[in-house]
Amino acid sequence: MAYLSSFDIAASGMSAQRLRMDIAAENIANIDTTRTEAGGPYRRKVVQLESYGAGSFRDALRSASRGAGFSGRSAGVRVAGILEDDREMKRVYNPGHPDADAEGYVNYPNVDLLKETVDSMSATRSYEANVTALNAMKLMAQKALDIGK
């Protein structure tokens, strides 16, 4: 049934947004990390998402108007990758810091607390939108079952 694919789409969106929230939390947790296992300061991470399986809206509309119905392909959103932000590190003069260079400057992560907060809020709102869509689909399915009584 076509409506079952809607559950997959909403679930994939919720999963992707949860990962965005996790990465924002990781970035905030490492805002002062000047030394990592790889060496050097922590680099901000960014989640890259992509859609899959659905094609364009025009294709879906044409398919539905021809009565083709659900094609059986799964659709939704998935994580294309977790990338490191290549912006420059913040240089702060602190000659007493153990990671200071010869000039007394320390490289701090390129994490901006305000940006991470906004990203986290955006991911939360997107997650909530997917939950709302999922609940609406559940209600429609329940109403369809009630019609059959």
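Predicted model: local features only at pLDDT ≥ 70, side-chain atom pairs only at ≥ 80, totals over all residues.

Colleague: Which residues make up the largest nonpolar core?

Modeller: Five residues: Phe7, Ala10, Met14, Leu134 and Met137. H1 and H3 are the elements that give two or more residues to this core. H1 gives the most, with three residues.

Colleague: Which residues are buried in H3?

Modeller: Glu116, Ala123, Asn130, Leu134, Met137 and Ala141 are buried there.

Colleague: And how many residues does H3 have?

Modeller: H3 has 35 residues. From its first C-alpha to its last, H3 reaches 51 Å, close to the 51 Å expected at 1.5 Å a residue.

Colleague: Back to the other helix. Where does glutamine 17 sit?

Modeller: Glutamine 17 is in helix H1, residues 2-29.

Colleague: Buried or exposed?

Modeller: Glutamine 17 counts as buried, because its relative accessibility is 9% and the cut-off for buried is under 20%.

Colleague: What does glutamine 17 touch, not counting residues up to four places away in sequence?

Modeller: Glutamine 17 touches Leu49, Ala123, Ser126, Tyr127 and Asn130. Take asparagine 130 in that list. Glutamine 17 and asparagine 130 are 113 residues apart in sequence, yet 9.3 Å apart in space, C-alpha to C-alpha.

Colleague: Which side chain joins glutamine 17 in a polar contact?

Modeller: That of arginine 20, at 2.8 Å.

Colleague: Switching to charges. How many salt bridges in the whole structure?

Modeller: A search finds ten.

Colleague: Give me one with arginine 44. Which residue does its side chain meet?

Modeller: Aspartate 119, in a salt bridge of 2.9 Å, N to O. This pair links distant parts of the chain, 75 residues apart. Aspartate 119 is in helix H3, residues 113-147. Arginine 44 is in the loop between H1 and strand S1, the strand spanning 45-52.

Colleague: Which residues are linked in a network of salt bridges?

Modeller: Arg44, Asp85, Arg87, Glu116 and Asp119 are linked that way.

Colleague: What about arginine 91? Which residue does its side chain meet at 3.4 Å?

Modeller: Aspartate 101, in a salt bridge, N to O. Aspartate 101 lies in the loop between strand S3 (90-93) and strand S4 (105-108), and arginine 91 in strand S3, so the pair ties together parts that are ten residues apart in sequence.

Colleague: And with which residue does arginine 91 form a salt bridge at 3.6 Å?

Modeller: Glutamate 103, going by the closest N and O atoms. Those two residues are twelve residues apart, with arginine 91 in strand S3 and glutamate 103 in the loop between S3 and S4.

Notes
Residues numbered from 1 in each chain as written. Heavy atoms only, no water. Helix = DSSP H or I, 4+ residues; strand = E, 2+ residues; numbered from the N terminus. Buried < 20%, exposed > 50% of the residue type's maximum accessible area, 1.4 Å probe, protein only. Contact = heavy atoms within 4.5 Å. Polar contact = N/O pair within 3.5 Å; in protein donor to acceptor, adjacent residues only side chain to side chain. Salt bridge = Lys/Arg side-chain N within 4 Å of Asp/Glu carboxyl O. Expected span 1.5 Å × (residues − 1). Core = buried A, V, L, I, M, F, W, Y, C linked by side-chain atoms within 4.5 Å.
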